[in-house]
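Trainee: I would like to go through this model and ask about the terms used for it.
Mentor: Then let us look at it first.

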Amino acid sequence: TPEIYTLSLHDALPISAGIFLLSLALAVLLPAQYLCRAKFSVTMSQQIDPLQKDVYTDSKNQYVRVLSGQKEIILSNRVLMRAATVLYPGKTEAQYQKIVAKLGKDIEVGPPKGETFEATSDFILSYDDSDPRMAYNMVKEVSQAYLEVFEEIAKQRTEYSYDFFKEQVESLYTIMRGKADLLKAYEGDNALALVDILNLEGNKANAETGAKTRLNAVQSKRQALREEYVGLERTIADLEASMADDQGPAILPDMEGSGKAITAYRYKVAQLRMQIQEMETQFTPQYEPLRRLKQELEANVGLLRNETGRYIEGKRIQAQSITSMVVELDAAIAELEESLRATAQQRSTYAFLNNDYELAKAAYAEASAKLEQARQANALSRPDLLVTLVDPAVEPMTPYKPNRIGLILLGLVLGLAAGLAAAFTLDYFDHTLKTPEDIERWCDVPLLGSISHTGP
């Protein structure tokens, strides 16, 4: 009923009023804060100094890295100490350290509102204080100290780059001269060998008559002699085995030929054997002509054995000669292999010294070019990074917080909301009987009448 809600709102009214009065007090009593800002822009120029040359190709990542670095410089002890000594003169070292630590927390450095370092090349230095003049002075002095320190760092980098490359060029020149002297001395000590090596490498005709080709030829010849020696040994063994045979020694094809005694003896022995075979079919072994033929056969077989023995002796001499030739070829092979190893080592050493000298020469040339670039950068005093103060600090005329009207409106809204919430809450938890209908419903008795409340 209206009476019920009137009572609940009456009870919740102090809550609404209290919240509104609290917000009103905050709006009136909170001290005003003044915000001062300075805006800087970063530009990466075409670099001359090679020591500061960047390897990154992604401009966004490069700017993020650069802007983060500028933030670290601004909040560094070197910059903030300069500003603190100007704004707070006559302090002790410990007091300055405390001031710098507090400034490092209070000063903000970041991209413009609504942007990130990836989307901009600008950053803003901001500081707030209850005194607008102090806020202005702080931003002005920190900005000036930052620009001074930035120029000092850029100059130091340029000078360091030139000195660094100057020392490097001198060191590389000494190294290059040392390697050149080593190469020259080696060329002088091995001039003839190097001439042969270079001629073999550059002339195909010379390469075909080189040590490697000669070694292959000697090895082939040695292999042929070894095969011939093995054949002689087998021939000698077969002939010696046949010497003990009653039929007489075996006659090899290369033992025969026109004018050779072995051929004549062989034919004679063959004829005698044929005659003996014919007579043995007709006469007894005691037959005198048959016995003389057999004696003649034995004599010719003996002569054939003697000739075969001389043939075997000749083969042995030939085998010994082959053995001597193999020994000589082995010595020649060893000499050629040693020559090849020495040549390979000389070639390898020469290639190493020459390559070492070329690398030192290239490093010296590269460092000399960088030294010239560093000299130009040092002469021009041109840093690779340019920082421009786009918007200098301006003394703020109006505070940026607190928002007094906003606090009052917020207190009014919160008070009304809290009052209504309290009214409905009190009504929800109020279980008293307030109407005649509540009596009949909850007490289960008929209502005969009611007396109105007229007094206070």
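**Strands, helices and rings**

Mentor: Ala38 stands opposite Leu125 in strand S3. The model is predicted, so local features need pLDDT of at least 70 and side-chain atom pairs pLDDT 80 or more, while totals for chains, interfaces and linings use all residues. Residues are numbered from 1 along each chain as its sequence is written, and side-chain values use heavy atoms, without hydrogens and water.

Trainee: How do you know that S1 and S3 pair?
Mentor: Two strands pair if DSSP finds at least two bridges between them. S1 (residues 34-44) and S3 (residues 122-129) have eight bridges, in the antiparallel sense, so they pair. Strands here are DSSP runs (E, at least two residues), as are helices (H or I, at least four), numbered from the N terminus.

Trainee: What makes S1 and S4 a pair?
Mentor: They share six bridges, again antiparallel. Thr43 stands opposite Leu386 in S4.

Trainee: Why do S2 and S4 stand at the edges?
Mentor: The open sheet has four strands in the order S2-S3-S1-S4. S2 (108-110) and S4 (385-391) each have a single partner strand, so one side of each lacks a neighbour in the sheet.

Trainee: Why is H3 called roughly perpendicular to H4?
Mentor: Helix H3 (residues 77-87) and helix H4 (residues 93-106) pack at about 115°, with axes 9 Å apart. Angles under 35 degrees count as roughly parallel, over 145 as roughly antiparallel, 65 to 115 as roughly perpendicular and the rest as oblique. That makes H3 roughly perpendicular to H4.

Trainee: Which residues of H3 meet H4?
Mentor: Asn77, Leu80, Met81, Ala84 and Thr85 do, with contact meaning heavy atoms within 4.5 Å. Among their partners in H4 are Tyr96 and Leu103.

Trainee: Why is the pair of Phe40 and Tyr146 called edge-to-face?
Mentor: Rings of Phe, Tyr and Trp (its six-membered ring) pair if their centres lie within 6.5 Å; planes under 30 degrees apart count as stacked, over 60 as edge-to-face and the rest as tilted. Here the centres are 5.3 Å apart and the planes at 85°, so the pair is edge-to-face.

Note on methods: Axes fitted to C-alpha atoms, helices over the stretch in contact; angles between N-to-C directions.
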